[in-house]
Amino acid sequence: MPLALTEEQSIIRETIGKFAKEELLALAKGIDASEQISPEAYSLLTGLNLYGIFASAESGGAELDNLSYLLIMEEIGYASGTLALILAAHNSLVVYPLMKALHPELKSIQKALAQGTAAGALAHLETDSDLLSACLKTQAQESAGEYLINGEKTMVIAPDNTGYYLVSAQLNQEPALFLVEKSAPGLTIGSPIPTIGARGAGIRNLEFHNVKTPYCVAKGSQAQELITDSVLHYFLALAAINAGIIKNCLASATAYAKERKQFGQKIINFPLVQNHIIKMAESLQVIQLLVHQAAMETHPGAWRQKVAYARLYSGSAGIKSAISAIQVHGGYGYSKEYPIERYFRDAQMVQSMGGNEELAKKFLSDVLISGGEL
Amino acid sequence: MRKIYVVNWLKDGEMPQVNLELLEAAKSIKTGLNGSITLLLLGKPTPEQLNSLKNRGADEIRYFDTPELNQYNLETYTQAISGELEGSEYLLILPGTIQGKELGGKLSARHTAAYIPDVLNFTSNNGEVVFIRPIYAGKARTGLKGKAGSPWIITIRPNTFAPAQETGTEAKIEVKAYTPQNSRIKTLEVIKPQTATLDVSEAKVIVSGGRGMKEAEHFKLLEELAQVINGAVGASRMAVDAGWRDHQAQVGQTGKIVTPDLYLACGISGAIQHLVGMSSSKYIVAINKDAEAPIFEIASLSVVGDVFEILPGLTVELKKIKEQQLCAK
Amino acid sequence: MKIVALVKQVPDTETKIKLTADGKALETAGIKYVVNPYDEFAIEEAVRIKEKNSGSTVIAVGMGPERMKEALRTALAMGADEGIYIAEENLPGKDGLITARLLAEAIKSLSPDLVICGKQAIDDDEGRVGPALSHYLELPFVANVTKLTVESGKLNLHRELEGRTEVMEVALPAVVSAQKGLNEPRYPSLINIMQAKKKTINELKPEQLLSNDELNKLSTLEETGLNLPPAREKGRKLQGDPEQMVKEIVTFLTETVKIS
């Protein structure tokens with residue numbers, strides 16, 4: 001860990017790290033193979049308050065700081081890309097915006113979310129838009145204190161225990177955010193789309209046919225800001241998860257290289273193998289520093305930029321590290337009997353489920369063009 | 001001049017071999033310390049048991065003709081032993097078993113003694129003795145000296161020293177009495193495994209299995225071989241976690257540290273945590289299909305082969321030899 | 001019931017043991033420190049007893065360098081109510097008797113019903129503080145406990161010996177050491193960890209507990225040096241026909257190992 005931690009951050013990292021290694025690592029292979037997360041696995045997560053990491057104590061959350069949240073994401077990412085992704089999606093994309101929206105009627109729902117009684121999923125992406133844009137085809141109409149939603153959402157991270165959807169739609173030609181319960185009539189929740197990585201996370205398409213809800217969480221520029229900040233909050237979590245995956249790649253590759261002999265000596269003695277390992281270690285250090293730096297930033301504008309750097313760097317670093325780990329493992333790296341190939345598929349989640357590289361670059365370019373400083 | 005006390009007691013009325021090993025340790029250290037050896041035997045030995053101890057190097061044997069001492073009890077043993085210790089410059093040697101170590105810890109506080117548990121070895125120079133003991137599960141060793149003028153208490157694990165052989169001289173024998181006092185600790189029962197199995201921490205020969213044994217059933221192969229060569233069956237952590245063997249059999253960092261004369265590792269790759277548990281074995285024979293298994297780095301004899309092809313044949317051959325030996329007798 | 005759980009901080013079990021350049025001490029750079037694994041069983045058991053006996057408290061007590069407080073804080077997160085930290089400074093040596101006596105002085109005034117420690121610390125592997133402490137507290141001691149139930153005025157317990165289990169009864173107050181298998185230590189939840197921040201850790205210095213003279217009397221050991229275990233002699237490797245290999249193994253066992 002590049003930078004110093006407070007005593008409780010250290011305890012949090014130690015506890016969750018141990019928990020992830022001893023309880024979650026063993027489940028990861030099964031979750032990936034079967035694309036199912038068992039009720040017992042969900043209980044393990046809710047039992048330690050992982051559904052309300054930074055939610056208020058009043059709503060049953062642990063009220064942890066940003067850095068603690070990201071340390072947790074890294075430790076869980078080490079063990080299981082899927083479980084880390086669903087926690088990041090729930091905490092960053094739903095709990096976080098609801099906390100900031102301060103909608104008084106939603107307190108009991110916030111409680112259920114923080115305690116993990118039900119998970120939350122953000123339904124924002126559409127086939128014609130990207131995560132940071134306001135171009136929305138899904139429409140909402142107000143009528144007698146309720147809202148009617150029509151449209152389609154894609155690539156929603158909605159595992160089996162999802163009970164609430166945070167939906168973005170155009171209301172009076174402005175972006176708005178609504179909270180929809182899963183049992184709302186007219187809501188069609190698609191089957192999970194089989195993905196190459198983060199399998200079991202329940203990535204689905206949704207259809208809204210006159211879905212009614214009384215809850216409008218935010219409207220206009222407030223909604224736009226909430227969406228942007230939540231997505232960035234999530235990107236930072238993805239960077240942290242990737243750091244965890246790289247850490248596992250590094251540990252596995254190093255252990256393997258120290259034992260495996262070829263041409264009469266341990267392969268860790270070969271400079272080309274050392275190069276792979278050093279590059280993984282370097283990536284890990286850099287991502288941890290970028291994530292840590294972003295976590296400690298209090299100025300909103302500066303924070304957004306720092307998240308963009310972390311997102312940009314981690315997207316490619318994770319994949320490269322995973323490939324390095326596969327290379328070090330030789331033929332075994334290609335085999336599904338070894339976990340390395342899963343790290344590679346899971347590492348890709350940053351680029352595939354985290355907007356895309358161009359998004360982060362566009363964000364930073366916009367700052368430059370508008371006369372801002374990077 | 002430092003007097004040496006060796007403490008022995010019986011286990012289920014039997015004389016455990018560690019008792020003779022402690023005497024051997026005492027004999028080797030005797031010249032360096034220029035002291036006499038007193039064997040304190042807690043409990044009453046049978047005449048045969050007393051005979052077997054008489055000429056093994058002790059100058060004096062004191063045993064207690066008190067039935068209450070026939071069964072180990074921390075409080076009564078602490079009292080009885082303390083009553084026999086003279087002066088403050090002595091070396092007290094205890095067995096390095098769980099009971100021996102709790103006794104050692106207690107006595108060390110009572111007598112403000114230098115305490116060195118699990119002594120592997122010692123060096124002696126002009127009355128200055130340095131005891132060597134393992135730390136970090138045996139990954140390192142440290143040398144310790146006891147302060148002159150203070151009592152020294154050490155414990156020695158089974159199978160560290162060879163059992164003392166017979167010498168020409170007989171020990172002076174004294175029968176002591178002990179007034180029993182109420183103990184706050186009561187042993188209600190000792191639960192032993194159904195089939196009399198030798199524990200790995202006391203065995204001279206261990207036949208151990210790991211992941212390569214593939215399932216619990218196959219440990220029968222190890223049990224058969226162990227029986228022929230009078231060994232205990234051990235297991236790696238993986239085999240214990242998988243439920244194939246009881247954790248009393250686990251050898252390794254989170255299991256037991258063992259020092260048998262022979263450790264036969266079957267289907268064990270040799271993860272560092274396992275190695276620290278058995279790397280002090282006198283001889284190690286490892287059987288593993290993987291020619292690069294780390295265990296081969298510390299094995300006296302490495303066998304690159306399938307345990308299922310080697311073990312049955314090995315057991316048959318050794319059985320034949322055993323029968324020949326019996327016939328010859 | 002008032003229960004004391006002893007806590008020690010040790011290098012993580014994965015630590016590669018290396019010596020400093022002069023070979024005199026353990027290289028501590030980069031070592032990750034954790035709660036001694038056996039102490040986790042002790043803390044967990046203490047908390048479970050507290051949960052079964054309303055009105056009970058658990059006090060986590062430990063001695064060590066500054067970083068040790070994090071281990072005590074972890075005990076608080078697991079459910080201990082308060083902590084006592086004894087600074088490891090200005091001590092005449094590392095003799096376990098000094099540790100035991102200082103802990104005893106700190107614990108005496110608490111008049112605990114039960115003191116639980118781990119069976120041994122995985123750095124020194126001594127297991128001596130528990131029984132020594134019991135002497136200073138004038139309490140009975142049982143090592144290696146794998147099962148424990150509290151009844152009025154006494155403990156019913158199982159403790160593990162070599163290959164067998166001793167079933168015992170011990171009068172309270174008492175001191176016991178915990179063995180693996182006693183329980184499964186809990187992971188503190190994030191909320192537990194945050195709540196632990198508000199719990200108190202009292203800090204004591206050795207001179208508040210014992211005079212220099214008394215401490216000096218307890219120092220009876222001198223460490224002469226550390227080394228790594230000697231490398232084993234390189235052995236032979238066999239490959240090929242199983243039958244042939246069996247014959248060679250038998251020869252090795254009968255002629256070199258000389259088994260009976």
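Which residue forms a salt bridge with Glu317(B)?

## A pair within one helix

The partner of Glu317(B) is Lys320(B), and the closest N and O atoms of this salt bridge are 3.2 Å apart; the term means that a side-chain nitrogen of Lys or Arg lies within 4 Å of a carboxyl oxygen of Asp or Glu. Glu317(B) and Lys320(B) are three residues apart in helix H8 (residues 307–328) of chain B, so about one helical turn separates them. Glu317(B), at 29% relative accessibility, counts as partly exposed, and so does Lys320(B), at 43%; here buried means under 20% relative accessible area, exposed means over 50%, and partly exposed lies in between (1.4 Å probe, protein chains only).

This is a predicted model, in which local features need pLDDT of at least 70 and side-chain atom pairs count only at pLDDT 80 or more, whereas totals for chains, interfaces and linings use all residues. Residues are numbered from 1 along each chain as its sequence is written, chains are lettered from A in the order in which they are written, and side-chain values use heavy atoms, with hydrogens and water left out.

Arg56(B) lies in the loop between helix H2 (47–54) and strand S3 (60–64) of chain B, and Glu166(B) in the loop between strand S9 (152–156) and strand S10 (172–176) of chain B, so the pair ties together parts that are 110 residues apart in sequence; helices (H or I, at least four residues) and strands (E, at least two) are DSSP runs, numbered from the N terminus. Arg56(B) is buried, with a relative accessible area of 14%, whereas Glu166(B) is exposed at 55%.

## Where chain C meets chain B

The contact (heavy atoms within 4.5 Å) takes 76 residues from chain C and 88 residues from chain B. Together the two chains bury about 7,100 Å², 57% of it on carbon and sulfur atoms, where buried area is the accessible area (1.4 Å probe) that two parts lose on being put together, summed over both. Glu162(C), Arg164(C) and Arg232(C) supply 11% of the area that chain C buries against chain B, more than any other three residues.

Between chain C and chain B there are five salt bridges, and Lys186(B) forms a salt bridge with Glu169(C), with the closest N and O atoms 3.5 Å apart. Over all chains, the structure holds 68 salt bridges.
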